[in-house]
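Dear colleague,

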Amino acid sequence: MSEVCGAPVTISSIERRQVLSASLDRTFHLIRTNGEDATTLHVRITRPTKGMRRRSRLDHYLTARGYPVPRYFGLVEADGQAAILWEDCPGVSPRTFGEAPHEQVATAVREMARISATAHDVLDHADVPTVTLWVHPIAHELMAMQADMEGLAEHHGRLEALAEVEQTFIGSLEGFQPQVLNHNDFVGKNTLMQDDGSVRILDWDSASIGPAGASLRWFAFARDPRTATLPDVYADEMCASGVPVKASDVRHVMQIQQTFWLLSSGVEKRELARIVKGLDYVDRLRREFGLKEATPLTP
C-alpha cells in the first residue's frame, strides 16, 4: 500500500483502462476518490521485478532533485502485482522528434544534458547499471541467424566485415569520459511537450551509466541541418553545468550507440530492415574510423 495526496492506494483501486493520450506504454489512469475529489495519476502495472524496483528508486531520485520528469509518488506491491505511480502530466508526446517543434526538441536535449551533468550521486541512491545499453558484439549472432532469416544471407560479406571491426568500435568507448547517467531510449514518444514550451522526460526503464552522448543516439545520422546542431547544444549545456565534453566526442558516442542499437534490436525483433540499416551505419563508421575494407573471414 502507498499513499497519494493523503489517500491510501491499493492495487484493487487501480482502474485498468489505458490512457490513449499517454506516452508511456502499459500506462493507466488511477482515479481515487477521497471523500470529495478524484486524484488522477499515471500507473504502470506489472509483476514485481528487480528491474521495476530499480526503476522506482531512480524515479524517486530524479523527482527528489527536481529534474524534469513526472513527479514520482511511489511503488505499490501486493498479491503478486506491482504498480509505479506518477503524477498525471498534461502535454503531447510526439511519435518521433521529427514531429515536434525544433525549439522544444532542443529544450529536451538541454534538459537531458543537465541531468547527465548533475546527477553525480545517482549510484549512491539508485541501482543503475554501469553499462552502455545495446553496445556489445553482435556479428556472430547475426551470422548464426542467416539460415532462418529471409534476406539476411545476402549480407553475409557485410556481417563478416562487421565481425572484423566491431571490437574497434566498442573498444573506442572503453574508458570514455565523462561517464554519466544516460536515458538510452530518448525518443519522441518518451518526452512530454508541454504548452508552456517546457519538456518532461519519461520512461527511464533502460537508464544506465555510460559515455556522455549515448542518450542522443536518435540524432546520430540525422540529415536535418537543425538536428545536426543538437550535439553542440548538448555539449554546451554539459560544459555550462561544469562537465566539459566535446561535441565531436558526443557525436562519436551517438553514432556507435545508434549503430549497435539497430543491430541488437533487429536481432531481438528479427527485423531485416533494422539490421540492414545498422550495417549501412557500420560502413559509415568504418569510413570515419579510416578502416579499410575488412578481409572476409576464412571458414
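What follows covers the aromatic pairs and then the salt bridges.

Please keep in mind throughout that this is a predicted model.

Aromatic rings

Under the rule applied here, eight aromatic pairs are counted. One of them joins phenylalanine 97 and tryptophan 218, whose ring centres are 5.5 Å apart and whose planes stand at 75°, so the pair is classed as edge-to-face. This pair links distant parts of the chain, 121 residues apart, since phenylalanine 97 sits in the loop between strand S6 (81–87) and helix H2 (102–118), while tryptophan 218 sits in the loop between strand S10 (208–211) and helix H6 (225–228). As to accessibility, phenylalanine 97 is buried, with a relative accessible area of 4%, whereas tryptophan 218 counts as partly exposed, at 29%.

Tryptophan 218 also pairs with phenylalanine 219, and this pair is again edge-to-face, with 5.2 Å from centre to centre and 85° between the planes. Phenylalanine 219 has a relative accessibility of 4% and therefore counts as buried, the cut-off being under 20%. Taken together with Phe186, the residues Phe97, Trp218 and Phe219 are linked by ring pairs into a cluster.

A further contact involves a charged side chain and a ring: arginine 217 lies over the face of tryptophan 261, at 3.8 Å from the ring centre.

Salt bridges

Side chains of opposite charge can pair when their charged atoms come close. Searching the whole structure gives 15 salt bridges, and three of them are described below, each with its place in the chain.

In one, aspartate 203 is bridged to arginine 55, with 3.6 Å between the closest N and O atoms. Here too distant parts of the chain are linked, 148 residues apart, with aspartate 203 in the loop between strand S9 (199–201) and S10 and arginine 55 in helix H1 (residues 50–64). Aspartate 203 is buried, with a relative accessible area of 15%, and arginine 55 likewise counts as buried, at 6%. Both residues belong to a network of salt bridges that links Arg55, Asp59, Asp203 and Asp205.

Another salt bridge brings together the side chains of aspartate 121 and arginine 65, at 3.5 Å from N to O. Because aspartate 121 lies in the loop between H2 and helix H3 (122–125), and arginine 65 in the loop between H1 and strand S5 (72–78), the pair ties together parts that are 56 residues apart in sequence. Aspartate 121 counts as partly exposed at 26% relative accessibility, and arginine 65 counts as partly exposed at 33%.

The remaining example is the salt bridge between the side chains of aspartate 280 and arginine 158, with an N to O distance of 2.7 Å. It connects helix H9 (residues 272–289), which holds aspartate 280, with helix H5 (residues 156–171), which holds arginine 158, and the two residues are 122 residues apart. Aspartate 280 is partly exposed at 34% relative accessibility, and arginine 158 is also partly exposed, with a relative accessible area of 22%.

Terms used
Residues numbered from 1 in each chain as written. Predicted model: local features only at pLDDT ≥ 70, side-chain atom pairs only at ≥ 80, totals over all residues. Heavy atoms only, no water. Phe/Tyr/Trp six-rings, centres within 6.5 Å; stacked < 30°, edge-to-face > 60°. Helix = DSSP H or I, 4+ residues; strand = E, 2+ residues; numbered from the N terminus. Buried < 20%, exposed > 50% of the residue type's maximum accessible area, 1.4 Å probe, protein only. Lys NZ or Arg CZ within 6 Å of the ring centre and 35° of its normal. Salt bridge = Lys/Arg side-chain N within 4 Å of Asp/Glu carboxyl O.
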